[in-house]
Amino acid sequence: MALSFRICSSPLICRATLSNGDNGRNHHAIDAAFIRRAADLAEMSAGLTSPHPNFGCVIATSSGKVAGEGYLYAQGTKPAEALAVEAAGEFSRGSTAYLNMEPGDCHGDHTAVSALVQAGIDRVVVGIRHPLQHLRGSAIRELRSQGIEVNVLGEDFESKVLEEARKSCLLVNAPLIHRACSRVPFSVLKYAMTLDGKIAASSGHAAWISSKLSRTRVFELRGGSDAVIVGGNTVRQDDPRLTARHGQGHTPTRIVMTQSLDLPEKANLWDVAEVSTIVVTQRGARKSFQKFLASKGVEVVEFDMLNPREVMEYFHLRGYLSILWECGGTLAASAISSSVIHKVVAFVAPKIIGGSKAPSPVGDLGMVEMTQALNLIDVCYEQVGPDMLVSGFLQPIPDLLPVIPSEDATVEIDPSVDPFEPSIIFFYKTWDLYGKNDDYMTWSSVEHYYQANKFVGVENPMAHDCVEKIRTARSPEEAALIGRSTLRQKPELVRNDWEDVKIEVMYKALKCKFSTYPHLKSILLSTVGSVLVEASPHDLFWGGGREGEGLNYLGRLLMQLRSEYLGESSVSAENTSSA
């Protein structure tokens, strides 16, 4: 993984300064070049920041030279804007900051905006506004209130070159934009086929159709996705691993979609030491095999009616932004028919294999005339080694976002809602910047502290090394990955009393976090009168589960902490009045 920012001892010259034409066009070309660079930087966040956006920032001087760059490395790390300002140093003052997307500062966290303001940035150019309605325009208004000139592409000025730059900003955050406008994650159908349209020989043999360079690109696609999905036939015939195989960073969840659950007992996907596997199936299918999978650590989710639309709606609720489909033609056709596939990525190898029974990448769609064929949008062609990579969208990236009804309007929209019932606030556990101090060291986040405590006090050098690896992990996600994988692979390193103390450890960390940061405490106190439920449907210990069957310990701890703060406030008020 590349570093999150590049320090420039002297500014670099951007090629956009060499553009010809009148002054206005030249300025547009410069702005477009820097915005595209910010989008390229943001692409380096893919797979690491979900469910948050991918952010990139470029600081350029008035003479058109790059002073500093940054991108959001992962959840819970410094914003791209702060990294770019640090890299630019004194060159930030009077310069222009180029952002692929409006900053997502919210809930009292103004790190990104403050970094630009305090650095003395004169002008900010934004590729697109934030797609989430409750954040859309907030950072832009704050920057303008501080006297900074803010230009938004497509609003303050337009041109063909700027529109192309804006499109690059839409593409890099297409998963978030689609998710904000629909109830399904952004889904990409990927396949490799021969020149005559076959994804395997008549025997089912498919290794390897595409070149090694193309397979490397597939690993990159996986590394930028939240999950990879295949059908049961792929598991039976190919026994895939579905790993990103880059040795570090993000590894996507593996999902198997099978109606009959007719799967082999031995499969690479049942090894969950490094990454989890979820099997989705029809309710009641092979209960004995479900127990077998559970004994391997594989999660099984049952559906009354197993179809791609319901499965994707479920994973939308679980917070997934992007899913890569690497399935066979039958499941691919079903997914396309269900309108859950947004983009197609096809590697075409210069090979011919023939065979009337050889499988094709997409099964029967019920079309009988060429006029019914689905046309891709924004098609791109790229040669990858000997192969041709063709990609395009089946559905355009949404631009205008629907307005989410306010809570006050909910009863008017849905009369079945009883306004007299206690309100429930659902939330997802977030990885953020707010750390934890103890008697020995400062931890980057609650997740770092919690994961490390699994191995604290164990007299084993490997346990000590694990604690240090977690402490120095660059993001909460990496800390969680180290802690969880070590717990599964080397349970002997886990402290004997962990199951008894883990709730106490989490509460101690939460109390430190909310006590250290007043604005977080205010947010918690603003929920008085509401039941707090951690909404992860798959986490039945910390979360509330899919249908309320979870223990919701994270929600309980927050309500306990809220009660403690309210009690302290009452005692303080009584003491004040008696004095």
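Student: In which strand does valine 379 lie?

Tutor: The model is a predicted one. Valine 379 belongs to strand E14, which covers residues 377–384.

Student: Which residues make the nonpolar surface patch of about 350 Å²?

Tutor: Leu376, Val379, Tyr381 and Met388 make this patch.

Student: How does strand E13 pair with strand E15?

Tutor: In a regular strand, side chains alternate between the two faces of the sheet. E13 pairs with E15 (residues 387–393) in the antiparallel sense, over six bridges. Methionine 388 of E15 stands opposite valine 348.

Student: In which sense do E7 and E13 pair?

Tutor: Strand E7 (residues 186–194) and E13 pair in the parallel sense, over seven bridges. Lysine 190 has valine 345 in E13 as its bridge partner.

Student: Why is E13 described as largely enclosed by the rest of the structure?

Tutor: Six of the seven residues of E13 are buried, and therefore the strand is largely enclosed.

Student: Where is lysine 351 found, and what does it touch?

Tutor: Lysine 351 is in the loop between E13 (343–349) and E14. Its relative accessibility is 39%, so it counts as partly exposed. Leaving aside residues up to four places away in sequence, lysine 351 touches Thr194, Leu195, Asp196, Trp208 and Ile209. The C-alpha atoms of lysine 351 and methionine 193 are separated by 8.6 Å, although these residues are 158 residues apart along the chain.

Key
Residues numbered from 1 in each chain as written. Predicted model: local features only at pLDDT ≥ 70, side-chain atom pairs only at ≥ 80, totals over all residues. Heavy atoms only, no water. Patch = residues over 30% accessible without salt bridge, like charges linked within 9 Å, V, L, I, M, F, W, Y side chains within 5 Å. Areas by Shrake-Rupley, 256 points an atom, 1.4 Å probe, with all protein chains shown as cover. Salt bridge = Lys/Arg side-chain N within 4 Å of Asp/Glu carboxyl O. Helix = DSSP H or I, 4+ residues; strand = E, 2+ residues; numbered from the N terminus. Buried < 20%, exposed > 50% of the residue type's maximum accessible area, 1.4 Å probe, protein only. Contact = heavy atoms within 4.5 Å. Pairing = 2+ DSSP bridges.
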